[in-house]
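Subject: Structure handover

Hi,

Here is the structure I promised to pass on. Please open it next to this email, as my notes follow below.

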Amino acid sequence: MKAVEYTYTVLFEPAEEGGYVVTFPAIPNLATQGETLEEAREMAVDCLQGYLESLQELGRPLPESEDQTAEPIRDKVSVQLKTA
């Protein structure tokens, strides 16, 4: 059996209670968490692997894999507004 690699964007957001909440923009309602960034990364791989394997077993189509060359850039911008 041939292995195919799938790539998805993963967001790691600091949780209020500590650790990180992990979400997948291409897959609504799929999330996991980890106490450290390293653990959150491991949990992300495990979560995604299990989800995709479940879809395969059910004969459902997999979410479209993202192009590895298109690296998303995530940053913050600040603005100042005048107040009365």
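Which residue takes a positive phi in the hairpin of β1 and β2? It is G18, with a phi near 105 degrees. That hairpin has 5 residues between the strands. Keep in mind that this is a predicted model.

**The sheet**

The strands form an open sheet of 3, in the order β1-β2-β3. The pairing is antiparallel. β1 (11-14) and β3 (31-34) stand at the edges. Each of these two has a single partner strand, so one side of each is left without a neighbour in the sheet. On average, neighbouring strands are turned by 25 degrees against each other, direction ignored.

**Strand by strand**

β1 and β2 (residues 20-23) run antiparallel and are joined by 4 bridges. E13 has V21 as its bridge partner in β2. P14 stands opposite Y20, again in β2.

Where does α1 lie? This helix (residues 37-57) lies across β1, β2 and β3. Against β3, α1 runs at about 150 degrees.

**Around the rings**

F12 comes up again here. R41 lies over the face of F12, at 5.2 Å from the ring centre. As for aromatic pairs, the count comes to 0. The rule behind that count asks for ring centres within 6.5 Å.

**The pocket**

How much space lies in the largest pocket? The figure is about 530 Å³. The lining of this pocket is made up of 16 residues. Nearest its centre lie Y6, Y8, L48, Q49 and L52. α1 gives the most to the lining, with 8 residues.

So much for my notes. Over to you.

Best wishes

Technical notes:
Residues are numbered from 1 along each chain as its sequence is written. This is a predicted model: local features need pLDDT of at least 70, side-chain atom pairs count only at pLDDT 80 or more; totals for chains, interfaces and linings use all residues. Side-chain values use heavy atoms; hydrogens and water are left out. Two strands pair if DSSP finds at least two bridges between them. Axes are lines fitted to C-alpha atoms, for helices over the stretch in contact, and angles run from 0 to 180 degrees between N-to-C directions. Contact means heavy atoms within 4.5 Å. Rings of Phe, Tyr and Trp (its six-membered ring) pair if their centres lie within 6.5 Å; planes under 30 degrees apart count as stacked, over 60 as edge-to-face and the rest as tilted. A charge sits over a ring if NZ of Lys or CZ of Arg is within 6 Å of the ring centre and within 35 degrees of the ring normal. On a 1 Å grid over the protein atoms alone, a cavity is a set of points where a 1.4 Å probe fits but cannot get out, and a pocket is an open set with protein on both sides within 12 Å along at least five of seven lines; lining residues have an atom within 4 Å of a point. Grid points are joined across faces, edges and corners, and a volume is the space filled by probe spheres set on the points.
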